[in-house]
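Colleague: I'd like to learn how to read a protein model. Could you walk me through one, feature by feature?

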Amino acid sequence: MPPNSTDESNGNLKVSERKEYHREYSKKDAEWVNYAKKWDEIKHFVSQLKWFNIILLTTLHLAFVWAAIAFPWLQRKRLVLWNFVFSHLTGFGIGAGAHRLWCHRTYKAKLPLRVFLMLCYATAGHNPLFYWVRDHRVHHKFTDTDADPHNSKRGFFFSHVGWLFMKKHPDVKRKGKEIDMSDLWEDPVIRFHQKYFIPLTLTLGFILPAIVPPLVWGQDWFWSIISSAVGRYVFVLNITWLVNSAAHMWGTKPFDNSISPTDNKTVSMLSFGEGWHNYHHTFPWDYKAAELKYAGYNVSSVFIEFCGKMGWAYDLKSASPELIKKVVVKGGDGSHLVWGEEVPESEEDEIRKATKQQ
Ligand SMILES: [Zn+2]
Ligand SMILES: [Zn+2]
């Protein structure tokens, strides 16, 4: 349900609940926090390293650099186009599916659409949907605390990829268990994805995009496999990670200046509309994940709207301009083009009073 008060619009947790968490966090875990901070100062990490992930992701990234240089870009234009188009399916699976539908329930989807989005998600080669959603819900609820899986206070590298290189902070596990995930298990589509995760991911994430070009228009197998399994996969991984790293560090905060997530147009362009992160953390229940429908190549919004018109998506939730205006004036950094610094003082006072009265 969309929150009624601006107090609740800040993530899934009410401000009072968030304060309570911080209080509880600092009391009960004082010992661990002190230990973690000391260790952090010395080693910049607190957990055991996951060597399998480190070796796999490092190798893939080195291969990506080699492939980007060696790839015959001008002679393989159709292959580039294929990967570009296929990436959109992946983007819909992550953005419109895992993120906006299953994680935040910003709209409801009928079975055929849920199946389509699950299949699109499988093309990303990410973790099972259930874990993706749980990690993201924890991220929203405990943003930038140790309970946040990719706590951006631990630096760009950690929030981008480093968090996958090491075991989770105990707080992430502890708080993760408290997240209500019952709605996910109720969905047969999620259960199906969990059960057939490996064959689905291998088939749709790696085999299908690699075999279509050679079989359909006679593309050579070598570059088809490299561009799909290395190029597209690593590229999409990094775009997704940028939302956790860059969009928590660089950009404007038109809606809530007190949180780290930022509105970052470049990230939005690359991630099909997921980079308006200050807005998204302020109004996580908005299906657009942005104030404006089409800004920053927000094709996931266009896709959801299209599905709405076809009757596959319904109950699309969106923040009203009045609520946005109140939130901007109350807590934004003044960078909002319409209601930022240029709002006349008299009007601003009036809105402040109205917001306080709520
Ligand atoms: Zn975030
Ligand atoms: Zn989110």
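Colleague: Which residues does valine 133 touch, not counting residues up to four places away in sequence?

Modeller: First, some ground rules. This is a predicted model, where local features need pLDDT of at least 70 and side-chain atom pairs count only at pLDDT 80 or more, while totals for chains, interfaces and linings use all residues. Residues are numbered from 1 along each chain as its sequence is written, chains are lettered from A and ligands numbered from 1 in the order in which they are written, and side-chain values use heavy atoms, with hydrogens and water left out. Contact means heavy atoms within 4.5 Å. On that basis, valine 133 touches Ala98, Trp102, Cys103, Met181 and Leu184.

Colleague: Where does valine 133 lie, and is valine 133 buried or exposed?

Modeller: Burial is read from relative accessible area: under 20% is buried, over 50% is exposed, and in between is partly exposed (1.4 Å probe, protein chains only). Valine 133 lies in helix α6, and it counts as buried because its relative accessible area is 0%.

Colleague: What makes up the protein, in helices and strands?

Modeller: The protein has 17 helices and two strands. Of its 358 residues, 52% are buried. Among contacts with a separation of 6 or more, 69% come from residues 24 or more positions apart.

Colleague: At what angle do helices α4 and α6 pack?

Modeller: Axes are lines fitted to C-alpha atoms, for helices over the stretch in contact, and angles run from 0 to 180 degrees between N-to-C directions. Here α4 (residues 77–103) and α6 (residues 129–141) pack at about 65 degrees, with axes 10 Å apart. The residues that meet include Ala98, His99 and Trp102 in α4, and Trp132, Val133 and His136 in α6. The contact divides into seven nonpolar, three polar and one charged. For that count, Ala, Val, Leu, Ile, Met, Phe, Trp, Tyr, Cys and Pro are nonpolar, Asp, Glu, Lys and Arg are charged, and the others, Gly among them, are polar.

Colleague: Which residues are the protein donors of the zinc ion (ligand 2)?

Modeller: Donors are N, O and S atoms within 2.8 Å of the metal (3.2 Å for Na, K and Ca), and water is not among the atoms, so sites may look incomplete. For this zinc ion they are His99, His104, His136, His140 and His280, each through NE2, at 2.0 to 2.2 Å. Their spacing along the chain is H-x4-H-x31-H-x3-H-x139-H. One pair links distant parts of the chain: histidine 99 in α4 and histidine 140 in α6 are 41 residues apart. Both histidine 99 and histidine 140 are buried.

Colleague: What should I make of a positive phi?

Modeller: Most residues other than glycine have a negative phi. Aspartate 144 has a positive phi of about 60 degrees although it is not a glycine, and it is found in the loop between α6 and α7 (156–160). Aspartate 144 is buried, because its relative accessible area is 8%. Tyrosine 297 is another non-glycine residue with a positive phi, of about 55 degrees, in the loop between α14 (277–282) and α15 (299–310). Tyrosine 297 is partly exposed, because its relative accessible area is 34%.

Key
Helix = DSSP H or I, 4+ residues; strand = E, 2+ residues; numbered from the N terminus.
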